[in-house]
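Let's take a walk through this model, starting with its charged side chains and then moving on to rings, loops and surface. Keep the viewer open as you read.

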Amino acid sequence: MKQLLTISCILLSIFPVYSQEMSKRQLPPLEFYFSAGGEYSNFGNLNERLGTLGVDKADKFRMAGGFGLSYRIKHIILGLNTSISSSSFRTEDDNHVKNSYVGFYLSTNAIRANNLIISPQVGIGYEETRARFVKEGVTGTFDELLTSTSNRVQLENKGEALDFGIAFKKAKPNTDFYKTLFKIGYRHGLKEREWKITDATVTGAPADRVRNFYVQLLFGFGK
């Protein structure tokens, strides 16, 4: 999350300067965009363990949003993208899963089919998944729930991930400032990682290689 906030500040500081360039119609080959869509993950080993313990399984589907910045060198595109997703945006919900990602990617817009540009993308970044669960029916004294027993647990799984995607956009004149894209992709954790309980040291935790399938609708500003 700290990485996403840092990137946000950088991009927001760049945007006013970029807007001035727009008014002069001397646009650099930059594009700033926002995205909205959904993600799907199946934490197989974690959900199997939760099932044996009688705890609700982690949600597989999440709504997502994000933003990014790209720079074009002829038909080659270098970019940075971020996304934040959640199975619920209400803080009072008992069980929910949140995921955040920030990474760099390489793409091309050289592949065209009539007026459609097909842009394959490959990237690498850092991904963090947090899952919160509330155990129902827990009994005990007030002191026990504060010290040795709890009915609320937050898990986390984080590390590097590869990002593969393909974007589709309509070919437009270079003078067009607004662009829309549709993207589908897949993020693949570089290794299988054990789930950790936040602010606790535990053993015997299940491990998963986090895999995320996603779809995005992007709206961009740039040349």
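The count of salt bridges comes to 6, where a salt bridge is a side-chain nitrogen of Lys or Arg within 4 Å of a carboxyl oxygen of Asp or Glu. Before we dig in, some housekeeping: this is a predicted model, so local features need pLDDT of at least 70 and side-chain atom pairs count only at pLDDT 80 or more, while totals for chains, interfaces and linings use all residues. Residues are numbered from 1 along each chain as its sequence is written, and side-chain values use heavy atoms, with hydrogens and water left out.

Start with E39. R62 forms a salt bridge with E39, and the closest N and O atoms are 2.7 Å apart. R62 sits in strand β2 and E39 in strand β1, so this pair ties together parts that are 23 residues apart in sequence. (Helices, H or I with at least four residues, and strands, E with at least two, are DSSP runs numbered from the N terminus.) Are R62 and E39 buried or exposed? Both are buried, a label that means under 20% relative accessible area, with exposed being over 50% and partly exposed in between (1.4 Å probe, protein chains only).

E39 has another partner: R187 forms a salt bridge with E39, with the closest N and O atoms 2.9 Å apart. Here the pair ties together parts that are 148 residues apart in sequence, because R187 lies in strand β8 and E39 in strand β1. The relative accessible area is 1% for R187, so R187 counts as buried. E39 is buried as well, at 4%.

E127 and R187 are both buried.

On to the rings. A pair of aromatic rings is described by the distance of the centres and the angle of the planes. How many aromatic pairs does the structure hold? There are 4 aromatic pairs, counting rings of Phe, Tyr and Trp (its six-membered ring) whose centres lie within 6.5 Å; planes under 30 degrees apart count as stacked, over 60 as edge-to-face and the rest as tilted. One of them joins F43 and W195: the ring centres are 5.3 Å apart and the planes are at 80°, so the pair is edge-to-face. F43 lies in the loop between β1 (30-40) and α2, and W195 in the loop between β9 (193-194) and β10 (196-197), so the pair ties together parts that are 152 residues apart in sequence. F43 is buried, with a relative accessible area of 3%, and W195 counts as buried at 2%.

Another of these pairs is Y186 with F213, whose ring centres are 4.7 Å apart and whose planes are at 35°, so the pair is tilted. Y186 is in strand β8 (residues 178-189) and F213 in strand β12 (residues 211-222), and the pair links these distant parts of the chain, 27 residues apart. F213 is partly exposed, with a relative accessible area of 46%.

K74 has a positive phi of about 55° although it is not a glycine. You'll find K74 in the loop between β2 and β3 (76-86), where K74 is exposed with a relative accessible area of 72%. D199, which is not a glycine either, has a positive phi of about 60°. D199 lies in the loop between β10 and β11 (207-208) and is exposed, with a relative accessible area of 81%.

One more loop stop: T139 is in the loop between β6 (116-134) and α3 (142-147). T139 is exposed, with a relative accessible area of 70%. The C-alpha atoms of T139 and T149, 10 residues apart along the chain, are separated by 9.0 Å.
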